[in-house]
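Subject: A structure for you to look at

Hi there,

Here is the structure I promised to pass on. Have it open while you read, and turn it around as you go.

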Amino acid sequence: MSKCFSFTESKNWCYRSSFTKSGLRSTITDLKDGTVMHCWVPKTHKESEPEPEPKPNLLLIHGLGANALWQWADVIRHVTPYFNVYVPDLVFFGDSFTTRPERSELFQAQCVMRVMEANSVRKLSLVGLSYGGFVGYSMAAQFKEAVERVVLCCAGVCMEEKDLRNGVFRVSDLEEAVRILVPQTPEKLKELMGYTLFRPHPFGFMPSCLLMDFIDAMCAEYVEEKRDLIRAIPKDRKLENLPKISQPTLIIWGDHDQIFPLELGHRLKTHLGDNAQLVVIKDVGHAFSVEKPKEFYKHLKSFLVDLQFPPSPTSPPPKDQNKKTTSVEEVPRRNN
(Lines give C-alpha, C1' and ligand atoms only; values in the text may rest on other atoms or scores of the structure.)
Protein backbone atom coordinates (compact mmCIF):
# COMPACT_ATOMS: atom_id res chain seq x y z
CA MET A 1 0.00 0.00 0.00
CA SER A 2 1.40 3.37 -0.97
CA LYS A 3 2.41 5.63 1.88
CA CYS A 4 1.00 8.54 -0.14
CA PHE A 5 -2.51 7.50 0.89
CA SER A 6 -3.74 6.59 4.33
CA PHE A 7 -7.23 5.16 4.78
CA THR A 8 -7.05 5.97 8.49
CA GLU A 9 -6.06 9.60 7.92
CA SER A 10 -8.84 9.95 5.33
CA LYS A 11 -11.35 8.63 7.85
CA ASN A 12 -9.89 10.97 10.45
CA TRP A 13 -10.48 13.90 8.08
CA CYS A 14 -14.13 12.81 7.67
CA TYR A 15 -14.58 12.70 11.43
CA ARG A 16 -13.03 16.16 11.79
CA SER A 17 -15.48 17.44 9.20
CA SER A 18 -18.44 15.89 11.06
CA PHE A 19 -17.33 17.48 14.35
CA THR A 20 -17.07 20.86 12.62
CA LYS A 21 -20.50 20.49 11.04
CA SER A 22 -21.86 19.65 14.49
CA GLY A 23 -20.78 23.06 15.76
CA LEU A 24 -17.43 22.21 17.34
CA ARG A 25 -13.98 23.68 16.80
CA SER A 26 -10.50 22.38 17.52
CA THR A 27 -8.52 24.15 20.27
CA ILE A 28 -5.14 23.82 21.94
CA THR A 29 -4.66 24.80 25.61
CA ASP A 30 -1.16 25.20 27.02
CA LEU A 31 -1.34 24.46 30.74
CA LYS A 32 2.07 26.12 31.25
CA ASP A 33 3.56 23.17 33.14
CA GLY A 34 4.83 21.11 30.23
CA THR A 35 1.33 19.88 29.37
CA VAL A 36 -0.57 20.78 26.18
CA MET A 37 -4.18 19.67 25.74
CA HIS A 38 -6.25 19.43 22.58
CA CYS A 39 -10.00 19.72 22.93
CA TRP A 40 -13.05 20.10 20.69
CA VAL A 41 -15.24 22.88 22.09
CA PRO A 42 -18.45 24.62 20.97
CA LYS A 43 -18.01 27.30 18.35
CA THR A 44 -20.62 29.26 20.31
CA HIS A 45 -21.09 28.64 24.01
CA LYS A 46 -24.78 29.07 24.84
CA GLU A 47 -24.83 28.70 28.60
CA SER A 48 -25.11 32.43 29.30
CA GLU A 49 -27.24 33.45 26.33
CA PRO A 50 -30.80 34.65 27.06
CA GLU A 51 -32.58 31.38 26.25
CA PRO A 52 -35.60 29.89 28.06
CA GLU A 53 -33.50 26.80 28.86
CA PRO A 54 -29.74 27.50 28.65
CA LYS A 55 -27.72 24.57 27.40
CA PRO A 56 -25.87 22.57 30.06
CA ASN A 57 -22.32 21.37 29.47
CA LEU A 58 -21.37 17.81 28.57
CA LEU A 59 -17.85 16.38 28.64
CA LEU A 60 -17.09 13.25 26.58
CA ILE A 61 -13.92 11.39 27.67
CA HIS A 62 -12.52 8.74 25.34
CA GLY A 63 -10.79 5.50 26.24
CA LEU A 64 -7.62 3.82 25.03
CA GLY A 65 -7.08 3.28 21.32
CA ALA A 66 -7.80 5.90 18.68
CA ASN A 67 -8.19 9.60 19.31
CA ALA A 68 -11.40 11.23 20.56
CA LEU A 69 -12.73 11.77 17.02
CA TRP A 70 -12.97 8.05 16.31
CA GLN A 71 -14.54 7.16 19.64
CA TRP A 72 -17.25 9.85 19.73
CA ALA A 73 -18.07 10.42 16.05
CA ASP A 74 -21.35 8.48 16.20
CA VAL A 75 -22.51 10.23 19.38
CA ILE A 76 -21.75 13.89 18.61
CA ARG A 77 -24.73 14.64 16.36
CA HIS A 78 -27.11 13.23 18.97
CA VAL A 79 -25.88 15.33 21.90
CA THR A 80 -25.00 18.72 20.39
CA PRO A 81 -28.67 19.79 20.12
CA TYR A 82 -28.99 19.47 23.92
CA PHE A 83 -25.56 20.38 25.27
CA ASN A 84 -22.48 22.53 24.97
CA VAL A 85 -20.20 19.58 24.15
CA TYR A 86 -16.51 19.32 25.03
CA VAL A 87 -14.38 16.47 23.68
CA PRO A 88 -10.73 16.44 24.85
CA ASP A 89 -7.88 14.23 23.75
CA LEU A 90 -6.40 12.80 26.93
CA VAL A 91 -2.68 13.21 27.56
CA PHE A 92 -0.64 11.18 24.99
CA PHE A 93 -3.60 10.87 22.62
CA GLY A 94 -4.28 13.00 19.57
CA ASP A 95 -2.51 16.33 19.99
CA SER A 96 -2.29 16.22 23.81
CA PHE A 97 0.99 15.52 25.58
CA THR A 98 3.05 16.31 28.65
CA THR A 99 6.70 16.40 29.65
CA ARG A 100 5.70 15.73 33.26
CA PRO A 101 6.26 12.24 34.75
CA GLU A 102 2.71 11.67 36.10
CA ARG A 103 0.74 8.80 34.54
CA SER A 104 -2.26 8.38 36.87
CA GLU A 105 -5.93 8.96 36.06
CA LEU A 106 -5.84 11.58 38.83
CA PHE A 107 -3.36 13.61 36.76
CA GLN A 108 -5.41 13.11 33.58
CA ALA A 109 -8.51 14.32 35.44
CA GLN A 110 -6.75 17.44 36.66
CA CYS A 111 -5.54 18.24 33.14
CA VAL A 112 -9.03 17.88 31.69
CA MET A 113 -10.53 20.02 34.44
CA ARG A 114 -8.00 22.76 33.76
CA VAL A 115 -9.08 22.74 30.11
CA MET A 116 -12.70 23.10 31.21
CA GLU A 117 -11.77 26.00 33.47
CA ALA A 118 -9.85 27.64 30.62
CA ASN A 119 -13.11 27.50 28.64
CA SER A 120 -15.08 29.04 31.55
CA VAL A 121 -16.98 25.82 32.24
CA ARG A 122 -18.12 25.83 35.87
CA LYS A 123 -20.68 23.00 35.84
CA LEU A 124 -20.75 19.87 33.69
CA SER A 125 -21.95 16.31 33.29
CA LEU A 126 -19.60 13.72 31.84
CA VAL A 127 -19.49 10.43 29.98
CA GLY A 128 -16.36 8.28 30.22
CA LEU A 129 -15.60 5.31 27.98
CA SER A 130 -13.44 2.57 29.55
CA TYR A 131 -10.17 4.31 30.55
CA GLY A 132 -12.05 7.58 30.12
CA GLY A 133 -14.37 6.33 32.86
CA PHE A 134 -11.41 6.09 35.24
CA VAL A 135 -10.60 9.72 34.41
CA GLY A 136 -14.24 10.78 34.73
CA TYR A 137 -14.63 9.05 38.10
CA SER A 138 -11.51 10.83 39.34
CA MET A 139 -12.93 14.16 38.15
CA ALA A 140 -16.21 13.50 39.99
CA ALA A 141 -14.28 12.66 43.18
CA GLN A 142 -11.89 15.63 42.97
CA PHE A 143 -14.27 18.29 41.68
CA LYS A 144 -17.57 17.55 43.42
CA GLU A 145 -19.00 21.04 42.93
CA ALA A 146 -18.30 21.09 39.20
CA VAL A 147 -19.42 17.60 38.14
CA GLU A 148 -23.19 17.14 38.27
CA ARG A 149 -23.96 13.79 36.63
CA VAL A 150 -21.72 10.88 35.66
CA VAL A 151 -21.97 8.11 33.05
CA LEU A 152 -19.36 5.36 33.33
CA CYS A 153 -19.15 2.97 30.38
CA CYS A 154 -17.43 -0.38 30.96
CA ALA A 155 -14.93 1.33 33.27
CA GLY A 156 -13.40 -1.05 35.80
CA VAL A 157 -12.69 1.57 38.42
CA CYS A 158 -13.55 -0.94 41.17
CA MET A 159 -10.80 -3.36 40.10
CA GLU A 160 -8.06 -4.21 42.57
CA GLU A 161 -4.44 -5.14 41.99
CA LYS A 162 -5.13 -8.63 43.33
CA ASP A 163 -7.74 -9.21 40.58
CA LEU A 164 -4.88 -9.79 38.14
CA ARG A 165 -3.68 -12.70 40.28
CA ASN A 166 -7.15 -14.04 41.06
CA GLY A 167 -8.24 -14.73 37.50
CA VAL A 168 -10.81 -11.97 37.13
CA PHE A 169 -9.39 -10.95 33.74
CA ARG A 170 -9.01 -13.01 30.56
CA VAL A 171 -5.41 -11.78 30.34
CA SER A 172 -3.87 -11.90 33.79
CA ASP A 173 -0.33 -10.91 32.80
CA LEU A 174 -0.12 -7.11 32.92
CA GLU A 175 2.66 -6.81 30.36
CA GLU A 176 0.80 -9.01 27.89
CA ALA A 177 -2.32 -6.89 28.42
CA VAL A 178 -0.25 -3.78 27.77
CA ARG A 179 1.01 -5.19 24.46
CA ILE A 180 -2.56 -5.97 23.39
CA LEU A 181 -4.09 -2.66 24.48
CA VAL A 182 -1.39 -0.62 22.73
CA PRO A 183 -0.88 -2.82 19.66
CA GLN A 184 2.13 -2.42 17.41
CA THR A 185 1.48 -5.27 14.94
CA PRO A 186 -1.56 -6.30 12.89
CA GLU A 187 -1.71 -9.55 14.87
CA LYS A 188 -1.99 -7.71 18.20
CA LEU A 189 -4.59 -5.33 16.76
CA LYS A 190 -6.70 -8.29 15.63
CA GLU A 191 -6.30 -9.83 19.07
CA LEU A 192 -7.48 -6.57 20.64
CA MET A 193 -10.56 -6.54 18.40
CA GLY A 194 -11.30 -10.11 19.43
CA TYR A 195 -11.34 -9.10 23.09
CA THR A 196 -13.24 -5.86 22.48
CA LEU A 197 -16.12 -7.05 20.28
CA PHE A 198 -18.66 -9.78 20.94
CA ARG A 199 -19.62 -10.34 17.31
CA PRO A 200 -17.19 -10.76 14.39
CA HIS A 201 -16.37 -7.37 12.90
CA PRO A 202 -15.04 -6.52 9.40
CA PHE A 203 -12.05 -4.90 11.13
CA GLY A 204 -10.74 -8.37 11.93
CA PHE A 205 -10.83 -9.40 8.27
CA MET A 206 -8.95 -6.38 6.93
CA PRO A 207 -5.61 -7.00 5.23
CA SER A 208 -2.51 -6.42 7.32
CA CYS A 209 -1.56 -3.32 5.30
CA LEU A 210 -4.74 -1.52 6.38
CA LEU A 211 -4.32 -2.61 9.97
CA MET A 212 -0.73 -1.35 9.92
CA ASP A 213 -1.98 1.91 8.46
CA PHE A 214 -4.27 2.30 11.49
CA ILE A 215 -1.42 1.49 13.88
CA ASP A 216 0.88 4.02 12.19
CA ALA A 217 -1.77 6.74 12.43
CA MET A 218 -3.24 6.01 15.88
CA CYS A 219 -0.90 3.85 17.93
CA ALA A 220 2.67 4.68 16.93
CA GLU A 221 3.22 7.81 19.02
CA TYR A 222 3.90 7.83 22.77
CA VAL A 223 3.82 4.03 22.88
CA GLU A 224 5.65 3.62 26.19
CA GLU A 225 3.82 6.57 27.73
CA LYS A 226 0.45 4.98 26.88
CA ARG A 227 1.62 1.65 28.25
CA ASP A 228 2.67 3.40 31.45
CA LEU A 229 -0.86 4.78 31.75
CA ILE A 230 -2.13 1.18 31.76
CA ARG A 231 0.54 -0.01 34.19
CA ALA A 232 -0.50 2.76 36.60
CA ILE A 233 -4.12 1.60 36.78
CA PRO A 234 -3.75 -1.52 38.98
CA LYS A 235 -0.71 -0.38 40.95
CA ASP A 236 -1.56 -0.63 44.67
CA ARG A 237 -5.24 -0.40 43.76
CA LYS A 238 -7.68 -1.42 46.51
CA LEU A 239 -11.45 -1.00 46.60
CA GLU A 240 -11.30 0.29 50.19
CA ASN A 241 -9.28 3.27 48.96
CA LEU A 242 -11.70 4.20 46.17
CA PRO A 243 -13.77 7.27 47.15
CA LYS A 244 -17.53 7.06 46.77
CA ILE A 245 -18.69 9.75 44.39
CA SER A 246 -21.93 11.47 45.37
CA GLN A 247 -23.25 12.47 41.93
CA PRO A 248 -26.09 10.54 40.26
CA THR A 249 -24.25 7.89 38.28
CA LEU A 250 -25.28 5.67 35.39
CA ILE A 251 -23.11 2.59 34.85
CA ILE A 252 -23.39 0.93 31.42
CA TRP A 253 -21.81 -2.44 30.66
CA GLY A 254 -21.80 -5.09 27.94
CA ASP A 255 -22.78 -8.55 29.13
CA HIS A 256 -19.87 -10.16 27.23
CA ASP A 257 -17.15 -7.66 28.13
CA GLN A 258 -13.75 -9.40 28.02
CA ILE A 259 -11.67 -6.33 28.92
CA PHE A 260 -13.43 -5.40 32.15
CA PRO A 261 -15.79 -8.28 33.04
CA LEU A 262 -19.34 -7.55 34.13
CA GLU A 263 -18.46 -8.58 37.69
CA LEU A 264 -16.70 -5.20 38.01
CA GLY A 265 -19.89 -3.40 36.99
CA HIS A 266 -21.85 -5.09 39.77
CA ARG A 267 -19.00 -4.37 42.17
CA LEU A 268 -19.14 -0.66 41.27
CA LYS A 269 -22.92 -0.55 41.68
CA THR A 270 -22.58 -2.08 45.14
CA HIS A 271 -19.82 0.39 46.01
CA LEU A 272 -21.91 3.43 45.03
CA GLY A 273 -25.23 2.18 46.36
CA ASP A 274 -28.64 3.65 45.57
CA ASN A 275 -27.18 6.76 43.93
CA ALA A 276 -26.17 4.67 40.91
CA GLN A 277 -27.83 2.33 38.47
CA LEU A 278 -26.24 -0.42 36.40
CA VAL A 279 -27.62 -1.04 32.92
CA VAL A 280 -26.42 -4.14 31.08
CA ILE A 281 -26.62 -4.19 27.28
CA LYS A 282 -27.19 -7.69 25.92
CA ASP A 283 -25.09 -9.51 23.31
CA VAL A 284 -22.25 -6.98 23.18
CA GLY A 285 -18.68 -6.81 24.35
CA HIS A 286 -16.50 -4.00 25.68
CA ALA A 287 -17.21 -1.79 22.66
CA PHE A 288 -21.00 -1.69 23.05
CA SER A 289 -21.01 1.88 21.69
CA VAL A 290 -19.89 0.37 18.37
CA GLU A 291 -21.99 -2.80 18.46
CA LYS A 292 -25.27 -1.25 19.64
CA PRO A 293 -24.95 2.54 19.26
CA LYS A 294 -28.72 3.18 19.24
CA GLU A 295 -29.24 1.43 22.56
CA PHE A 296 -26.23 3.21 24.01
CA TYR A 297 -27.61 6.60 23.01
CA LYS A 298 -31.09 5.68 24.30
CA HIS A 299 -29.63 5.23 27.78
CA LEU A 300 -27.58 8.43 27.52
CA LYS A 301 -30.66 10.42 26.53
CA SER A 302 -32.77 8.99 29.34
CA PHE A 303 -30.18 9.88 31.97
CA LEU A 304 -28.69 13.12 30.64
CA VAL A 305 -31.60 14.73 28.77
CA ASP A 306 -34.74 13.30 30.39
CA LEU A 307 -32.95 13.25 33.78
CA GLN A 308 -34.15 9.76 34.63
CA PHE A 309 -32.35 6.52 35.19
CA PRO A 310 -33.12 4.18 32.26
CA PRO A 311 -35.90 1.69 33.08
CA SER A 312 -34.00 -1.20 31.47
CA PRO A 313 -33.42 -4.13 33.83
CA THR A 314 -29.94 -5.33 34.62
CA SER A 315 -28.78 -8.91 34.41
CA PRO A 316 -28.32 -10.68 37.75
CA PRO A 317 -24.97 -10.28 39.46
CA PRO A 318 -22.43 -13.12 39.24
CA LYS A 319 -22.96 -16.05 41.59
CA ASP A 320 -20.33 -14.82 44.02
CA GLN A 321 -22.17 -11.52 44.39
CA ASN A 322 -24.86 -11.63 47.09
CA LYS A 323 -26.11 -8.07 46.99
CA LYS A 324 -28.91 -7.02 44.68
CA THR A 325 -28.76 -4.26 42.10
CA THR A 326 -31.25 -1.54 42.98
CA SER A 327 -33.04 0.48 40.31
CA VAL A 328 -33.74 4.14 40.87
CA GLU A 329 -36.43 5.61 38.69
CA GLU A 330 -35.68 9.33 38.91
CA VAL A 331 -33.26 11.73 40.47
CA PRO A 332 -33.46 15.50 41.11
CA ARG A 333 -32.96 17.85 38.21
CA ARG A 334 -29.62 19.54 37.65
CA ASN A 335 -28.95 23.08 38.76
CA ASN A 336 -27.71 25.20 35.85
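Below is what turned up, going from the overall picture to single residues.

A word on ground rules before the tour. This is a predicted model, in which local features need pLDDT of at least 70 and side-chain atom pairs count only at pLDDT 80 or more, while totals for chains, interfaces and linings use all residues. Residues are numbered from 1 along each chain as its sequence is written, and side-chain values use heavy atoms, with hydrogens and water left out.

**The overall picture**

The protein has twelve helices and nine strands. Of the 336 residues, 54% are buried. Buried means under 20% relative accessible area, exposed means over 50%, and partly exposed is in between (1.4 Å probe, protein chains only). Now for contacts, meaning heavy atoms within 4.5 Å. Among those between residues at least 6 apart in sequence, 73% join residues at least 24 apart.

**The core**

A nonpolar core is a set of buried Ala, Val, Leu, Ile, Met, Phe, Trp, Tyr and Cys residues joined through side-chain atoms within 4.5 Å. The largest one here holds 102 residues, and Trp72 and Val87 touch the most other members.

**Salt bridges**

Side chains of opposite charge can pair when their charged atoms come close. For a salt bridge, a side-chain nitrogen of Lys or Arg has to be within 4 Å of a carboxyl oxygen of Asp or Glu. The whole structure contains 15 of them.

One joins Glu175 to Arg231, at 2.9 Å from N to O. Because Glu175 sits in helix H6 (residues 174-181) and Arg231 in helix H9 (residues 223-232), this pair ties together parts that are 56 residues apart in sequence. Glu175 is partly exposed at 33% relative accessible area, and Arg231 is partly exposed too, at 23%.

Another pairs Arg227 with Glu224, at 3.6 Å from N to O. These two are three residues apart in helix H9, so about one helical turn separates them. Arg227 counts as buried at 13%, whereas Glu224 is partly exposed at 42%.

Elsewhere, Asp306 forms a salt bridge with Lys301, with the closest N and O atoms 3.4 Å apart. Asp306 is partly exposed at 36%, as is Lys301 at 27%.

**How helices pack**

Two packed helices are described by the angle between their axes and the distance between the axes. Axes are lines fitted to C-alpha atoms, for helices over the stretch in contact, and angles run from 0 to 180 degrees between N-to-C directions. Under 35 degrees counts as roughly parallel, over 145 as roughly antiparallel, 65 to 115 as roughly perpendicular and the rest as oblique.

H6 and H9 pack at about 135 degrees with their axes 10 Å apart, which makes H6 oblique to H9. The contact involves Leu174, Glu175, Val178, Arg179 and Leu181 from H6, and Arg227, Ile230 and Arg231 from H9.

For helix H3 (residues 105-118) and helix H4 (residues 131-142), the angle is about 70 degrees and the axes are 8 Å apart, so these two are roughly perpendicular. Residues of H3 in this contact include Leu106 and Met113, and those of H4 include Tyr131 and Phe134.

In helix H7 (residues 186-196), the buried residues are Pro186, Lys188, Leu189, Leu192, Met193, Tyr195 and Thr196. They pack against H6, helix H8 (208-218) and helix H11 (288-291).

Most residues other than glycine have a negative phi. Which way does phi go in Asp236, positive or negative? It is positive, near 55 degrees. Asp236 lies in the loop between H9 and strand E8 (249-254) and is exposed at 55%. Leu307 also has a positive phi, about 60 degrees. Leu307 belongs to the segment after helix H12 (293-305) and is buried, at 3%.

Terms used:
Helices (H or I, at least four residues) and strands (E, at least two) are DSSP runs, numbered from the N terminus.
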